[in-house]
Protein chains: 2
Amino acid sequence: LVRNVTEPGPEHVPAAARVAVFDNDGTLWPEQPLYIQLAFALDRVKALAPQHPEWRTTQPFKGLHEGRLRSAGSWRTEGAARRSDRDPHRDDQRRVRWRRQDVVRDRPALTLDRPYTELVYQPMTELLALLRDSGFNTYIVSGGGIEFMRAIAERLYGIPPEQIIGSSGKTRFELRDGVPVVVRLPELDFFDDKGDKVVAIQNFIGRRPNPRGREFRRRPADAPVDCGQPWRELDAAGRSH
Amino acid sequence: LVRNVTEPGPEHVPAAARVAVFDNDGTLWPEQPLYIQLAFALDRVKALAPQHPEWRTTQPFKGLHEGRLRSAGSWRTEGAARRSDRDPHRDDQRRVRWRRQDVVRDRPALTLDRPYTELVYQPMTELLALLRDSGFNTYIVSGGGIEFMRAIAERLYGIPPEQIIGSSGKTRFELRDGVPVVVRLPELDFFDDKGDKVVAIQNFIGRRPNPRGREFRRRPADAPVDCGQPWRELDAAGRSH
């Protein structure tokens, strides 16, 4: 693929139009035993629980205390953790980002006793580097939170913030005591999953997939594999994998 | 500014983080006597009117026939023109884009008897080139339609589709006879204006403005001028200029 795209011939693509998009969870880093963003949200709930005795009787926190993870639901849990942690001077994007990055950097993974940031699939980072060396812009298009991924993707994958597409909460611009802030609201704005990933690619990148394009996936042995056309992977029922 | 950002010193910014955002209408090209996108939409209404006798009694078309432009409203007019022009095989994004580009290229402007595409402010294109030569990524952040601007911005300003931020309609991913398409729905998704431009910059680019950053505007003499900090231009009432 890279040779066909970069060398003269019928499949050649000009460098400026070379775009490669990657899923994140389960593709660039693991999604088992838990989505890492969910694990992080659970950590936040635990860390903040002593300041919130009311959580013992409020869902989804009550279920978490009782170990019923599934009852909480990943996205709702994270949103609730974020809301519970809010005060007027602490919830602008920069602060949320810093705090996430810090926790993700320092916390050991659930089962492997090492930081999440060491769980990146090395063959995929090598593929990202190969594509970039060949003139591709590499993007993440994931159901994960857009700001959560921006906190880690540059360091882990070499992907800058403007090449991250993900799920997002509603936000609002405000001046607080003359200081401009973008405030996160406790409401989902866009869930970047299934067919909506195609919608998001159009909205953020604005280029139609090359009909000769390919999707890369990992094989069980963790070697990236060229396995078909990305849009062919999406059927009317909206399955993305 | 460019010297301070590119040379070693307290205001230096690494090349990857150099971002410059520009308004479009009234900044890179004219917005008088009409927004060019609105003029284009009116052209489409006129061109399609013979096939739609019902428009003589339906708003906003009736008002347009009677010359009452203001009563129609720019965004609603364009949306209506798009809807009226729809059939199942013609309204995917590529087709809409191609048709727009074609009309913008060929049609003379309202008062100057030359194509819209020759109305670009040359000092601004020189500034865009200077910034890019200095390692900046140049973006448009405009209230104009995101796909309308993508149809012209690469050729007029050298700005690629993924660096255009604008207003957008809701879209939906579908397979039609096995062909994947992104279908435009007759509904506004995001109006990129005033304080929401800051929200959009955060969502698309994900970098906080440099507190030492500057906003470029045209002076009456059409020379670009460094005139202050972008976020300072936005107050709680949401004024952007």
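**A first walk through the two-chain model**

Where pLDDT is low, the predicted coordinates should not be read in detail. Chain A has a mean pLDDT of 73, with 66% of its residues at 70 or more. For the complex, the predictor gives an ipTM of 0.74 and a pTM of 0.76.

This is a predicted model, in which local features need pLDDT of at least 70 and side-chain atom pairs count only at pLDDT 80 or more. Residues are numbered from 1 along each chain as its sequence is written.

Now look at where two helices meet. Helix 9 of chain A (residues 195–204) packs against helix 8 of chain B (residues 146–157) at an angle of about 50°, their axes 10 Å apart. Here A:Q202, A:N203 and A:F204 meet B:I146, B:E147 and B:R150.

Next, find B:R207, in the loop between helix 9 (195–204) and strand 5 (216–218) of chain B. B:R207 is buried, with a relative accessible area of 17% (buried means under 20%, exposed over 50%, partly exposed in between, with a 1.4 Å probe and protein chains only). Its contacts beyond four places in sequence include A:E154, A:P160 and A:P161 from chain A, and B:A16, B:V19 and B:I201 from chain B.

How values were computed
Chains lettered and ligands numbered in written order. Heavy atoms only, no water. Axes fitted to C-alpha atoms, helices over the stretch in contact; angles between N-to-C directions. Helix = DSSP H or I, 4+ residues; strand = E, 2+ residues; numbered from the N terminus. Contact = heavy atoms within 4.5 Å. pLDDT = per-residue confidence, 0-100.
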